[in-house]
Amino acid sequence: MKTGKNYKFWFCTGSQDLYGDECLRNVAEHSRIIVEELNKSGVLPFEVVWKPTLITNELIRKTFNEANADEECAGIITWMHTFSPAKSWILGLKEYRKPLCHLHTQFNEEIPYDTIDMDFMNENQSAHGGREYGHIVTRMGIERKVIVGHWASKKVQERLASWMRTAIGIMESSHIRVCRVADNMRNVAVTEGDKVEAQIKFGWEIDAYPVNEIAEYVQDVKKGDIDVLVEEYYNKYEILLEGRDPEEFKRHVAVQAGIEIGFERFLEEKNYQAIVTHFGDLGSLKQLPGLAIQRLMEKGYGFGGEGDWKTAAMVRLMKIMAAGIKDAKGTSFMEDYTYNLIPGKEGILQAHMLEVCPSVSEGKIGIKVCPLSMGDREDPARLVFTSKEGPAIATSLIDLGDRFRLIINDVECKKVEKPMPKLPVGTAFWTPKPDLATGAEAWILAGGAHHTAFSYDLTAEQMGDWANAMGIEAVYIDKDTTIRNFKNELRWNALAYRK
Ligand code: MN
């Protein structure tokens, strides 16, 4: 998946010249060791780059501005080894525009009881210096991640790794361009929103095209190219004819192959990383893009149904944040469809008309050709599968008129009890945290949509931190949610985010 740059994170250590050269030599040496070990740990998804110790206003300001200008720098990890008077940091912080992490660690893990003296304390005083630094970042109202603990511990390294992915989301958000094929579905509220505000807040560029402009790219795809892709489909997926004529079936599949190639060329040529379609506005396309969109999503494109550009951008964003995760379980566009309300087995069946990303699938993936109950086109070919088990998150970005809100729900994905042989779509099934009744009640009170951007590979913390960095409201629905507290949180947020 193309995500842009070879991102790195700068490691900047704070100190001052009050403690003499030997102390500063040690500070530099210690930070070098930390950077080296972090890079060797294999835990971090991106490289950490050591920077000379920051001890003066001028150097801090210069370093932070260099970080702004360096296209590969995705953020700065700051660490106060000694005390570093925080007024020195004001100008640098004021001008800094990238993700910021405060690694509140110290070089030694344990107090050296037998040898500790005042020199040692002066040299190793993160507990002291980190508070002075934290104060000024808070006073300046700058969003940052604070991670506390010994740098060599796996837990701390994993939190740093997790934050790095949030930082990539912050950096890459402004490179997301969404191609709207036709407009939002008529009369639908939740898929609407302020696109100008979305560009101001998230950096997203959201452009509309007449459907026939992209359909021309589909018509121009050569038969030879389609045949090659159809063959790939036939090798990779199970062909579920279900009584249809094999030749007629293949012709329907070939239409989707043409759409996949044509759409991808269009998106590549015009530099879009996410796309929305609308089943009611297909122009000269013969089928609603189904299998084609599923494959594009798997390649890393964002998608939203019925013109839902917010969810399309979120799916793209989350695919970027999860890119390169070892043993990733998948990220997809999803829709809450129907409930199972049997006590003890409660859950929500997730699907869409067609467009669920096969990255979330488990087991065999089949191709079916079936009628679509909506619209007026040929029966579209689609990939059919069920999804993995385990914890995941479902997110919904909504426009409340005066602000955006990101709703993040921890969910537990499960297998449905029995196969659903007559359901011709990719599905997932989950129970929202803390339970279906509370989770769904909170989701509805928060105004969450029926469309979600869903991932097994990201956490609520990562998405909430991203939202905070974008300056928007984030609410969490998880194991700790109670309706009474949640309603209060929404009330308080309405005040906190009032313009
Ligand atoms: Mn939908």
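## Pockets, metal site and cavities in a predicted model

The largest pocket holds about 480 Å³ of space. The structure described here is a predicted model. The lining of this pocket comprises 19 residues, and those nearest its centre are Arg97, Lys98, Pro99, Ile170 and Ala469. Three elements, helix 3 (90-95), helix 6 and helix 14, each supply at least two residues of the lining. Helix 6 has the largest share of the lining of the largest pocket, at 4 residues. By class, the lining of the largest pocket divides into 10 nonpolar, 2 polar and 7 charged residues.

### Enclosed space

Rolling a probe the size of a water molecule over the atoms shows where empty space is left. With a threshold of 30 Å³ or more, the count of cavities is 2.

| Space | Volume | Lining by class |
|---|---|---|
| Largest pocket | about 480 Å³ | 10 nonpolar, 2 polar, 7 charged residues |
| Largest cavity | about 50 Å³ | 5 nonpolar, 4 polar, 2 charged residues |
| Second largest cavity | about 40 Å³ | 1 nonpolar, 3 polar, 4 charged residues |

The residues lining the largest cavity are Val190, Asp308, Lys310, Thr311, Met314, Thr395, Ser396, Leu397, Ala449, His451 and Ala453. Helix 12 (309-322), strand 15 (390-399) and strand 18 (451-455) are the elements that give two or more residues to this lining.

The second largest cavity is lined by Lys145, Arg159, Ser162, Trp163, Thr166, Glu461, Gln462 and Asp465. Here the elements giving two or more residues are helix 6 (154-173) and helix 14 (460-470). Helix 6 gives the most to the lining of the second largest cavity, with 4 residues. Helix 6 and helix 14 are also among the elements that supply at least two residues each to the lining of the largest pocket.

### Manganese site

Four residues coordinate the manganese ion: Glu306 (OE), Glu335 (OE), His352 (NE2) and His451 (NE2), at 2.1 to 2.2 Å. Along the chain, the donors follow the spacing E-x28-E-x16-H-x98-H. Glu306 and His451 link distant parts of the chain, being 145 residues apart. Glu306 sits in the loop between strand 10 (302-304) and helix 12, whereas His451 is in strand 18. Both Glu306 and His451 are buried.

### Cysteines

A search of the whole structure for disulfides finds 0. Cys23 is in no disulfide, and the nearest cysteine sulfur, that of Cys12, is 18 Å away. Cys23 has a relative accessibility of 7% and counts as buried.

Cys370 is likewise in no disulfide; the nearest cysteine sulfur belongs to Cys357, 20 Å away. The relative accessible area of Cys370 is 11%, so Cys370 is buried, the limit being under 20%.

### Helix 7

An α-helix has 3.6 residues a turn, so residues three or four places apart point the same way. Helix 7 spans residues 195-202, and its buried residues include Glu197, Ala198 and Phe202. These three lie on the same side of helix 7, because they cover an arc of only 105° around the axis. Val196 and Ile200 are exposed, on the other side of helix 7.

### Two buried strand residues

Which strand holds Val178? Val178 lies in strand 6 (residues 177-181). With a relative accessibility of 0%, Val178 counts as buried. Tyr301 is 123 residues from Val178 along the chain, and their C-alpha atoms are separated by 9.5 Å.

Ile367 is found in strand 13 (residues 361-369). Ile367 too counts as buried, at 0% relative accessibility. Ile367 and Leu18 are 349 residues apart in sequence, and the C-alpha to C-alpha distance between them is 70 Å.

Definitions and conventions. Residues numbered from 1 in each chain as written. Predicted model: local features only at pLDDT ≥ 70, side-chain atom pairs only at ≥ 80, totals over all residues. Heavy atoms only, no water. Disulfide = S-S within 2.5 Å. Buried < 20%, exposed > 50% of the residue type's maximum accessible area, 1.4 Å probe, protein only. 1 Å grid on protein atoms, 1.4 Å probe; cavity = no way out; pocket = protein on both sides within 12 Å on 5 of 7 lines; lining within 4 Å. Points joined across faces, edges and corners; volume = space filled by probe spheres on them. Nonpolar A, V, L, I, M, F, W, Y, C, P; charged D, E, K, R; others polar. Donors = N, O, S within 2.8 Å, 3.2 Å for Na, K, Ca; no water. Arc of directions from axis to C-beta.
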